[in-house]
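Here is a short report for a reader meeting this structure for the first time. Look through the sequence and the model, then read on.

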Amino acid sequence: MERFVETFLKLSVITSIWPKILDGMLITVELGIVVVISGLALGLVLALVRTAQIRPVNAIIVVCVDVLRAVPPLVMVLIVYFGLPNVGLTLPSFAVLWLVLALVLAAFAEEIFWAGILSVRRGQWDAARSTGLSFIETLAFVVLPQTVRMVLPPLVNRTIAITKNTALGTVIGVPELLNQATTQVSFLSNATPLTMAAIGYLIIFVPVVLFGNWLEQRYAFRKA
Amino acid sequence: MEALLDQFFNVSVMERALPLLLRGLGMTLLLCLTVIPLGFIGGTLVALARLSRVATLRVTIRVLTDLFRALPPLVLLILIYSGLPFAGIRLNPFTAVCIAFFLNSSAYYGEVMRAGIESIGFGQWEAARSTGLSGRDTVAFVILPQAVRNVLPDLVSNTVEVAKLTSIASVVSMTELLYSADMARSLTFNASPVVLAGLFYLVLLWPLVRLASRLEHRVGT
């Protein structure tokens with residue numbers, strides 16, 4: 001037991017490296033925020049474009065979304081990070097991770113928004129249009145408000161799962177939480193930084209998970 | 001354009017990397033066949049535990065589920081693989097991956113299965129019990145089959161997520177598909193092997209992605 005505490009919760013390690021862990025947390029949060037905002041925005045825009053029913057455009061969206069859903073994000077991160085410099089385009093690792101995760105989130109969000117839009121009954125569209133609302137107005141004031149409430153729980157769960165992938169940044173050297181911790185582990189030959197990182201992730205994500213649970217219950221209540 | 005093709009779709013590099021990648025693919029399949037059933041069984045047990053009469057068990061399982069949903073799987077894996085040796089517990093990569101995946105995907109499959117079980121009306125339980133089935137038989141032959149059917153889209157898409165997630169095993173130098181591809185990349189200074197690995201994942205998982213989204217839309221309408 002003592003050995004475990006010494007290995008995973010050594011006080012002297014905690015007091016000496018907490019600023020570094022905090023720096024890492026900050027970068028994880030920053031990355032998370034930009035990924036969530038850009039990913040959800042792009043996903044919503046794609047779903048809206050799909051409602052215009054332009055066949056070739058829809059086909060392209062569906063294919064891209066499927067690819068982004070089927071290929072592991074770590075594979076894409078490695079392709080972009082190690083491939084692009086050889087063709088003369090060097091992106092900082094933070095930007096690579098942002099780009100990949102935002103695209104993946106956009107793909108999943110598009111699917112969820114689209115399913116939500118489809119689930120709004122045809123009659124709602126017809127009624128709104130016949131009262132003189134334009135297509136865009138119908139979408140914005142009648143269909144989307146109903147969609148958002150319906151898609152919120154799955155959207156939040158998916159968003160958490162994808163945002164957690166910011167930890168993949170450690171593989172390409174983004175100085176985020178996990179990266180800071182593994183660096184310290186190899187400096188200090190002690191696992192305490194990893195425990196601190198795990199706790200850091202819990203501090204960041206547990207509130208979001210609880211928010212998701214709350215949404216789900218609220219949603220279930222409305223359905224009943 | 002030619003530079004792009006040469007860097008990302010270099011056929012001769014891909015050809016040379018193919019044997020290595022195929023071996024990696026075998027390991028990825030083995031991993032999937034191990035961690036997906038493990039996670040599904042774990043998740044079913046988790047979902048059943050949430051129905052337990054013992055409040056402590058219910059609450060513990062619930063807290064653990066939320067913790068493992070909040071913790072990135074890569075953090076869990078590195079904690080197990082690189083953290084435990086400092087305490088004298090040395091695991092091989094395969095075991096470490098299995099433990100990490102069991103903890104992570106039991107939580108996710110557990111949430112899906114719970115939703116499935118909750119979707120079954122109480123009348124089903126009562127009817128099954130009144131025909132003389134035991135509690136265990138009721139769960140196994142009446143509740144679970146219907147629960148699985150009701151949440152099939154989520155089960156399929158969660159399985160895709162788990163299969164994709166096996167790629168993080170490369171970080172603990174498990175010689176699966178992505179690890180082999182990345183090794184080939186660092187030997188050839190060319191990203192084509194990783195693109196090829198991506199294509200393998202695509203071929204493997206695209207049918208499931210299509211299936212999931214078709215099932216989802218059918219339920220939605």
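## A nonpolar pocket lining

The lining of the second largest pocket holds 19 nonpolar residues, 1 polar residue and no charged ones. Here Ala, Val, Leu, Ile, Met, Phe, Trp, Tyr, Cys and Pro are nonpolar, Asp, Glu, Lys and Arg are charged, and the others, Gly among them, are polar. In total 20 residues line this pocket. Nearest its centre lie A:Met76, A:Ile79, A:Val80, B:Phe9 and B:Val195. The volume is about 480 Å³.

Both chains contribute helices to the lining of the second largest pocket. From chain A come α3 (55–70), α4 (73–83) and α5 (93–119). From chain B come α1 (2–8) and α10 (192–220). Each of these supplies at least two lining residues.

Some terms need their cut-offs. The search runs on a 1 Å grid over the protein atoms alone. A pocket is an open set of points with protein on both sides within 12 Å along at least five of seven lines, whereas in a cavity a 1.4 Å probe fits but cannot get out. Lining residues have an atom within 4 Å of a point. Points are joined across faces, edges and corners, and the volume is the space filled by probe spheres set on them. Helices (H or I, at least four residues) and strands (E, at least two) are DSSP runs, numbered from the N terminus.

## Model and confidence

This is a predicted model, in which local features need pLDDT of at least 70, side-chain atom pairs count only at pLDDT 80 or more, and totals for chains, interfaces and linings use all residues. Residues are numbered from 1 along each chain as its sequence is written, chains are lettered from A and ligands numbered from 1 in the order in which they are written, and side-chain values use heavy atoms, with hydrogens and water left out.

The predictor gives the complex an ipTM of 0.90 and a pTM of 0.91. Its confidence in each residue is the pLDDT, from 0 to 100. Chain B has a mean pLDDT of 93, with 98% of its residues at 70 or more. Within chain B, confidence is highest in helix α2 (residues 11–49), at a mean of 96, and lowest in α1(B), at 86. Where pLDDT is low, predicted coordinates should not be read in detail.

## Chain B as a whole

Chain B has 10 helices and 0 strands. Its C-alpha atoms fill a box of roughly 70 × 50 × 25 Å along the principal axes. Of the 221 residues in chain B, 50% are buried. Buried means under 20% relative accessible area, exposed means over 50%, and partly exposed lies in between (1.4 Å probe, protein chains only).

Contact means heavy atoms within 4.5 Å. Among chain B contacts with a separation of 6 or more, 74% join residues 24 or more positions apart. The accessible surface of chain B is about 10600 Å², and 67% of it belongs to carbon and sulfur atoms. The areas come from the Shrake-Rupley method with a 1.4 Å probe; for residues, only the protein chains shown count as cover.

## Residues in helices

B:Glu111 sits in helix α5 (residues 93–118) of chain B. B:Glu111 counts as buried because its relative accessibility is 13%. Beyond residues up to four places away in sequence, B:Glu111 touches B:Arg50, B:Thr65 and B:Arg69.

A:Thr182 belongs to helix α8 (residues 177–188) of chain A. With a relative accessible area of 25%, A:Thr182 is partly exposed. Leaving aside neighbours within four places in sequence, A:Thr182 contacts A:Thr170, A:Leu194 and B:Ile78. A:Thr182 and A:Leu194 are 12 residues apart in sequence and 6.7 Å apart, C-alpha to C-alpha.

A:Leu22 lies in helix α2 of chain A. It is partly exposed, at 46% relative accessibility. A:Leu22 and A:Gly200 are 178 residues apart along the chain, yet their C-alpha atoms are separated by 8.2 Å.

## Positive phi in two loops

A:Gln53 is not a glycine, but has a positive phi of about 60°. A:Gln53 lies in the loop between α2 (11–51) and α3 of chain A. A:Gln53 is exposed, with a relative accessible area of 57%.

B:Ser173 also has a positive phi, near 45°. Its loop runs between α8 (152–165) and α9 (177–188) of chain B. B:Ser173 is partly exposed, at 37% relative accessible area.

Key. pLDDT = per-residue confidence, 0-100.
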